Amino acid sequence: MFQLTRSVTWQALTQLRQQTANERIRDYFTADPQRFEKMSLRVGGLFLDYSKHQVSESVLAKLLELADHSALVQRRAQMFSGDIINVTENRPVLHTALRNLAEGPLMVDGQDVMPEIQRTREQIQRFSEAVRSGEWKGHSGKRIRDVVNIGIGGSDLGPNMACRALLKYRHPELSFHFVSNVDGAHIQKVLSRLDPATTLFIVSTKTFSTQETLLNAKTARRWFLETAGEDADVGAHFIAASTNKKAAMEFGIREENIFEFWAWVGGRYSMWSSIGLPIALSIGFEGFMELLEGAYEMDRHFLTAPSAENMPVLMALIGIWYINFVGAETQAIVPYDQALHQLPAFLQQLDMESNGKSVDIFGHPVDYKTGPIVWGQTGSNGQHAFFQLLHQGTRYVPIDFIASLKPEPGMEEHHFALLTNMLAQANAFMEGSHGGEERGDSQLDPYSCPGNRPSSVLLLDELTPKNLGALIALYEHKVFVQGVIWNINSFDQWGVQLGKRIAGEISERIDAQSQDFDASTQGLLALVRGHFQRGAADAETAAETASAPAGTPRRKGKPRQ
């Protein structure tokens, strides 16, 4: 059996880490004035500078060798051609087909999937144009003003992030709301601001069985009927993106308003499918197609560019260097663009749900680290929050800085300050402060910043649908490359399924004294059970009091302990 950590290349990288551990990034620039030119590249409207990493030329060469000796070429070709690479679920992985703009068939199990993808695109186009033009009317004949997407995980994070990132392209007469949390306060807050006559709900759930989404959807439907009237047409206000037509229709959604997608679309890769309907409603179908176009352009680059000039491959390999050889536990995502404030959360799911695995594709335990903990927030807010730890703390955290070059009209001064802050931070992380030089003191300052902290800078020419599509596809492929090299399945999520299953079991047994759970869970269940039983008793007492004739004495209950 092949063992990654015993391979010649892996052993060579381990030795290189020992040899280069004390090298400083800034010295690489002194030794090679062309380092920036050599370690930066452009794909369409994206520019990547990866020169500020503690990666020497010899390390990079050996990392590229690691990729060459992996199954990357084969697995990449299999993904794009529709072969089964999600081996635990026996499925192909074809989110790339959703943004495939090339002519010609794409065969899966002997069937060309492109015609059905095209039919769904046309359905999205017809519906989005009808809503945006005002042709689609609610039950009372009024046009739609508010769109509420009800989903969770990939059915929320992708469209939510994209709609917020592309807010300046939003239809001026439409507002968008995203409900994901099963906490009732979330949907209650959203519904309190809405008019049922002008609200459209999108129920986004692959199987139409996700507990959180269905509970929120049923609450929305109940609110709609209570406020619009029992005779109001649910079908005029509720649509679905789902693979389960039967369940959606039983909910009250018209068959023609169920937008299909397929088992080979993973949730965290689904924004390119009908799950992206809120994006098309917000920025228009043409804008949605530009999003797909940017992703398709990155797909072609990833598929055809040699590894040494391949943006996703290079980002993946640098990440592997830090995770497996330097000992980094986390990866910070810091967009210097307020419009991208949801991006860290989106990439957190993309990376951690994909590569948070401890067994390889054959089910054997791995003896090396896999996916990092991904986190972050926007700059310049982060400078006044967690950057202190990154500069002077004991953690070693690689950073991806992301920004767009083009400012909003009238905001040039703000945007210049934003970009210069980002560049200053990237420089400061690399350079640090040395001795007492800020005070003109040559003695060692114990409060100095050590520097030598690595970062990449990703610049978008402008935050457009096309460039956003390319950016998301870039990170998708980065995660895929790392999964291939680690020999894990990036497309299943058994931990997520475990949590869902146990939540269902607890819900079913909430009224029973079950010995199937540990003592802690049983004790906590007893507290929850007691609280809800008291709540039900209080509600019953209140109802009796409200219905009793005036002057009737209140029933005295046993005082609470």
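**Entry 1: strand 12**

Is strand 12 (residues 330–335) mostly covered or mostly open? I looked this up first, keeping in mind that the model is predicted. Strand 12 turned out to be mostly covered, with six of its six residues buried.

Next I asked which residues point which way from strand 12. I found Thr330, Ala332 and Val334 on one side, while Gln331, Ile333 and Pro335 point the other way. Both sets are buried. I wrote a reminder for myself here: side chains in a regular strand alternate between the two faces of the sheet.

**Entry 2: the neighbours of strand 12**

Which strands pair with strand 12? I noted strand 13 (residues 373–375), which pairs with strand 12 in the parallel sense over three bridges. For Gln331, I found that the bridge partner in strand 13 is Val374.

I then turned to strand 14 (residues 399–404), which also pairs with strand 12 in the parallel sense, over four bridges. Here Ala332 has Ile399 as its bridge partner.

I also followed the chain from strand 12 to strand 13. Together with helix 15 (residues 343–355), these two strands make a β-α-β unit, and I noted its hand as right-handed.

**Entry 3: the largest pocket**

How much space lies in the largest pocket? I wrote down about 900 Å³. Its lining has 38 residues, and those nearest the centre are Thr210, Gln493, Val496, Gln497 and Lys500.

I checked which elements supply at least two lining residues each, and my list reads strand 4 (91–92), helix 8 (154–165), helix 10 (211–228), helix 15 and helix 19 (494–508). Helix 19 gives the largest share, five residues. Sorted by class, the lining of the largest pocket has 19 polar, 12 nonpolar and seven charged residues.

**Entry 4: the second largest pocket**

I finished with the second largest pocket, which holds about 720 Å³ of space. Of its 34 lining residues, Arg164, Leu167, Asp337, Gln338 and Ala339 are the closest to the centre. Two or more lining residues come from each of helix 8, strand 8 (175–179), helix 9 (184–191) and helix 17 (412–431).

Which element gives the most to this lining? My answer is strand 8, with four residues. By class, I noted 13 nonpolar, 12 polar and nine charged residues in the lining of the second largest pocket.

Conventions: Residues are numbered from 1 along each chain as its sequence is written. This is a predicted model: local features need pLDDT of at least 70, side-chain atom pairs count only at pLDDT 80 or more; totals for chains, interfaces and linings use all residues. Side-chain values use heavy atoms; hydrogens and water are left out. Buried means under 20% relative accessible area, exposed over 50%, partly exposed in between (1.4 Å probe, protein chains only). Two strands pair if DSSP finds at least two bridges between them. A crossover is right-handed if, with the strands pointing away from the viewer, the path from the first strand over the helix to the second runs clockwise. On a 1 Å grid over the protein atoms alone, a cavity is a set of points where a 1.4 Å probe fits but cannot get out, and a pocket is an open set with protein on both sides within 12 Å along at least five of seven lines; lining residues have an atom within 4 Å of a point. Grid points are joined across faces, edges and corners, and a volume is the space filled by probe spheres set on the points. Ala, Val, Leu, Ile, Met, Phe, Trp, Tyr, Cys and Pro count as nonpolar, Asp, Glu, Lys and Arg as charged, and the others, Gly among them, as polar.
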